Each structure stands twice: as C-alpha cells, then as structure tokens.
Amino acid sequence: MTKYVIHGGKPLYGEIDISGAKNAAVAIIPAALLVDGVCRIENLPQISDVTLLLNILQELGADVRTVNRTTVDVDCSHIRNARVPEELARKIRASYYLIGALLGRFGSAEVPPPGGCDFGGRPIDQHIKGFVAMGANVDVRGGYIHAKASNGRMNGTQIYLDIVSVGATMNIMLAAALADGMTIIENAAKEPHIVDLANFLNSMGAEIMGAGTDVIKIRGVERLTGGTYSIIPDQIEAGTYMTAVAATGGEVLIKNVIPKHLECITAKLLEMGVDVEERDDAVLVRRTGKLTRTNVKTLPYPGFPTDMQPQIAAVLCLAEGTSVITEGVWDNRYRYVDEFRRMGAQIQVDGKIAVIEGVEKFTGARIQACDLRAGAAMVIAGLAAQGTTEIGHIHHIERGYEDIVRKLSGVGADIRVVVTPDEDKQAQVG
Ligand code: EPZ
C-alpha cells in the first residue's frame, strides 16, 4: 500500500508551478483521433488519467511519441479500429470523449461505459441525446456503448442541452467537428477547458465559434490536419494550492496560471480574509490572520467550481463561525465528510447542503481518499493539522495532480510517500 504521511501545522512559503489542465487534456487527447497527421500536444500534465488515455490511443493503433516531459506527438492517421479496449476505458471518466471522437472520425464507436469518481448517478443521457440528434443510433449491449451514424457520417443539427454539462458540450463538439453541416449547441457549458478544446480543434482546421458562451456553433469541415497546441494551466490544481495556503497560512506565489480563470476562487478566499494578489500569469496568496466564515454554492463556470468544493470545505472547517456549502452540480459529493470528522471537523450534511462549524484546528488521523478532489482536500486538512495524518488510496489523487508531493515539499510541507506491505492482503492471507 502506498500512502502519504504528513506532519502538519507548517505554514507554506515559496513558489509552485501549475501544470497543464487535466480536464482539457482528457478531451484534447481523444480529439487527436479526428486529426489527419501529427498533433504535437504541449503542457500535458503528468498524471495517470493522461497516461491511460494515451495508452488507449496506442491500443487503437495510434503512434504516440514522447518529445519531452510535457509534450507528446500523437498520430492517429492509421487507426482503423473504433472499438475501445474495456479494461483501460473503465478506469477513467473521460473515456466517454472517445465516443464523440470516434463517431466524428469513423461514424461509429464501441466504447465501454465510463468509470471515474463516484458522486452518485453520473448519467450521459445528454451526450447520447446529442449523438442521436446528429443521426446516430446508440444502444448498450454486451457491456459496451455502440454508436453508429445511420448514413456513415454525423449530421450537423441544433441541440438544446437540458442540463449544463461539460462532458456533453465537449463530446458533441468532437462529434460535430467533421460532421456534414452546422451543429449548434444551446445551453452549452462555458468552462475554460471547453474553450481550450475549441482552440485545439480550430488550430487543426475546425470551425468552432462561440466556445465560452452558452451557444456554440460548429461548422463541420472535411478534414483536420496536424499542428502544435499547448494546453492551458489547470484552474483546479491552482485553486487547490491556493486553498492549501489559506488553510496552513504562509505566502506562496502560484505561477503559470490564468488569473481570470481563478476569479471565482479568489473572490471566496478574499471574503475569508485571505490576501490574493493577481499578477500577469501568477497569483500571490498570503494568509496571516484568522479565517472568516462564508457560504459557498457550486455552479457551472463562471460559478464556484464543484471540483473545488472539498478543498474550500477544508478551509471553512478552520474558519470562525458557521459556513454553509450548497453543492449545485453533483448529487453526492460529500463522501469525504466522515474522514474530516475523524480529524475533528464539525460538519452536518443534509442532501446537497453541508453546514460547517469552524474548529480551532484539525488533528492528524489515518484516513482514506475517496475520490480525486476529496483526496486533495484531505491533503490540505493534513497540512493544516496538528500531528501526523496518513492518507491511503492515493491513486485517486495521482489521477489528477502532477507531483503533488514534490510541489508541496518545495514550499515547506512535511509530506512523504510511504510504501508499506498491503495490510488488507496480509489480513486476507492470514
Ligand atoms: C466534468 O465532469 C469533470 N470531469 C468533473 O471533474 C467536473 O466535476 C464536472 O465536469 C463539472 O464541472 C471531466 O472533465 C473529466 P457534467 P462531467 O456533465 O462532464 C448531470 C474532477 O474532479 N448530467 O458537467 O461528467 C450530471 O449528473 C472531475 O476533475 C446529466 O444529468 O460533468 C451532473 O449533475 C470530477 N446528464 C451535471 O449534469 C448528462 O448527460 C454536470 O455534469 C451529463 C451530465
């Protein structure tokens, strides 16, 4: 078993470099399937979700070459296979982007249902509604989603999303880039990674307009050709380190960010008494005094991101007074609360609402990451805690955070990776 061991209670000082955005990378890698020629993708984060998707492309027949630590060349020109291997795809949520990309490229796709973090139900009905409107038949049999364009190529059409969905918006963009005619997505999501996917596709020859607004128009083209593209910095990774400094105190310059993407997080930290100074491509976060309570409601962009909800909860646990969080995106994103309680937090959850009574401090405990962002929040709690915190199931965290231990150690955190014999296995054997 591999775990993080954190000796908490140390304020953080120094600089942290932010990596490329996970949720952009996991759509842009499948998007390479649409391109005839070599795509050079730069600023890729080194995380397990990226490795998995690149492996899936290789298994489909793509030529994937590592150029340097953060850059790969991907050439999907010779792929003839639209059936995605089950074992790899089930490990990752973003494997659903392979449906849109393969439909766009071949007019057919066979993809296992996606995996990923468990927040209650995670339907993909809006993705399917879009594919069907574009002329595909979609059904699930033999453990696979089978999608096939009835006339061999997707047709442009108008699609109104019933729910603002990041995944459905990007998946329909992928299916539409090479479609016959114009696709219009109404009530589209506006996250920075949606704009990044549009910019990637446009740089390869697509015609996508309006990404970042709630109406996106995609004029299908005959062909996309190779090029070079650099992924935007990760909004959520940056926000995670901003909240870490808020929880521990100290002063950290968080570099290689787009401050505009962080405004929703910055605004909340300012309300809580944390100083945040915007620079051109960095934010300086400083906390010296006490934290003030506040309320947070998660919403699609530009609202406060659901992917920052557990991390801001860790900070609110240490703020004076009562704070209320309303989760506005997922049905069940409070699975981390029991672990926080082991560390002394006082949180009551009722459905989508969490009421947090601030406490003086967290105390170190043995806890387990239950999903990616919850795991990051547990790291934050451990950094701020008095005593030692051991966090198990860290594979969840490593799905989405490049070098988290090195980055935090670099600003003074006492955090180590410790490998111990697998206690569960030993118990079974015994
Ligand atoms: C993306 O998930 C992200 N994942 C999630 O980040 C993030 O929490 C989420 O967007 C919201 O920002 C990736 O990009 C890989 P949605 P996605 O479709 O696309 C409902 C992380 O921590 N819905 O925007 O799956 C759905 O149940 C991950 O990095 C439908 O009802 O999210 C949810 O309530 C975790 N039908 C809401 O919409 C659908 O067809 C938003 O989901 C699709 C979604």
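1. Residue classes come first. Ala, Val, Leu, Ile, Met, Phe, Trp, Tyr, Cys and Pro count as nonpolar, Asp, Glu, Lys and Arg as charged, and the others, Gly among them, as polar. By that scheme, the second largest pocket is lined by 7 nonpolar, 4 polar and 5 charged residues.

2. Ground rules. This is a predicted model, in which local features need pLDDT of at least 70 and side-chain atom pairs count only at pLDDT 80 or more, while totals for chains, interfaces and linings use all residues. Residues are numbered from 1 along each chain as its sequence is written, and side-chain values use heavy atoms, with hydrogens and water left out.

3. On a 1 Å grid over the protein atoms alone, a cavity is a set of points where a 1.4 Å probe fits but cannot get out; a pocket is an open set with protein on both sides within 12 Å along at least five of seven lines. Lining residues have an atom within 4 Å of a point. Grid points are joined across faces, edges and corners, and a volume is the space filled by probe spheres set on the points.

4. The largest pocket. Its volume is about 980 Å³. It is lined by 41 residues, and Arg122, Val166, Gly167, Val329 and Trp330 are the closest to its centre. The lining holds 20 nonpolar, 10 polar and 11 charged residues. Helices α1, α5 (125-133), α6 (166-176), α8 and α12 (372-384) each supply at least two lining residues. Helices (H or I, at least four residues) and strands (E, at least two) are DSSP runs, numbered from the N terminus.

5. The second largest pocket. The volume here is about 370 Å³. Of its 16 lining residues, Arg287, Leu318, Val359, Glu360 and Lys361 are the closest to the centre.

6. The cavity. How many cavities of 30 Å³ or more does a search of the whole structure find? The search finds 1. The largest cavity has a volume of about 70 Å³. Its lining consists of Ala21, Lys22, Asn23, Pro192, His193, Ile232, Pro233, Asp234, Gln235, Ile236 and Arg373. By class, that is 5 nonpolar, 3 polar and 3 charged.

7. Helix α4. Buried means under 20% relative accessible area, exposed over 50%, and partly exposed in between (1.4 Å probe, protein chains only). Helix α4 (residues 97-106) is largely enclosed by the rest of the structure, because 8 of its 10 residues are buried. The buried residues are Tyr97, Leu98, Ile99, Gly100, Ala101, Leu102, Leu103 and Gly104. Just after α4, glycine 107 has a positive phi of about 75°.

8. Aromatic pairs. Rings of Phe, Tyr and Trp (its six-membered ring) pair if their centres lie within 6.5 Å; planes under 30 degrees apart count as stacked, over 60 as edge-to-face and the rest as tilted. The structure holds 5 such pairs. One of them joins tyrosine 96 and tyrosine 97 edge-to-face, at 4.7 Å centre to centre with 80° between the planes. Tyrosine 96 is buried at a relative accessible area of 10%, and tyrosine 97 is buried at 3%. Tyrosine 336 and phenylalanine 340 also pair edge-to-face, at 5.0 Å and 65°. Both tyrosine 336 and phenylalanine 340 are buried. Tyr334, Tyr336, Phe340 and Phe362 form one aromatic cluster.

9. A charge over a ring. The criterion is NZ of Lys or CZ of Arg within 6 Å of the ring centre and within 35 degrees of the ring normal. The charged end of arginine 83 sits over the ring of tyrosine 144, 3.8 Å from its centre.

10. Strand pairing. Two strands pair if DSSP finds at least two bridges between them. Strands β2 (residues 12-17) and β14 (residues 250-255) run parallel, joined by 6 bridges. Leucine 12 has glycine 250 as its bridge partner in β14. Strand β14 also pairs with β16 (residues 282-287), here antiparallel over 6 bridges. Isoleucine 254 is partnered by valine 283 in β16.

11. Is isoleucine 28 buried or exposed? Isoleucine 28 is buried, at 0% relative accessibility, and lies in helix α1. Glutamate 42 lies in strand β3 (residues 35-42) and is partly exposed at 29%.
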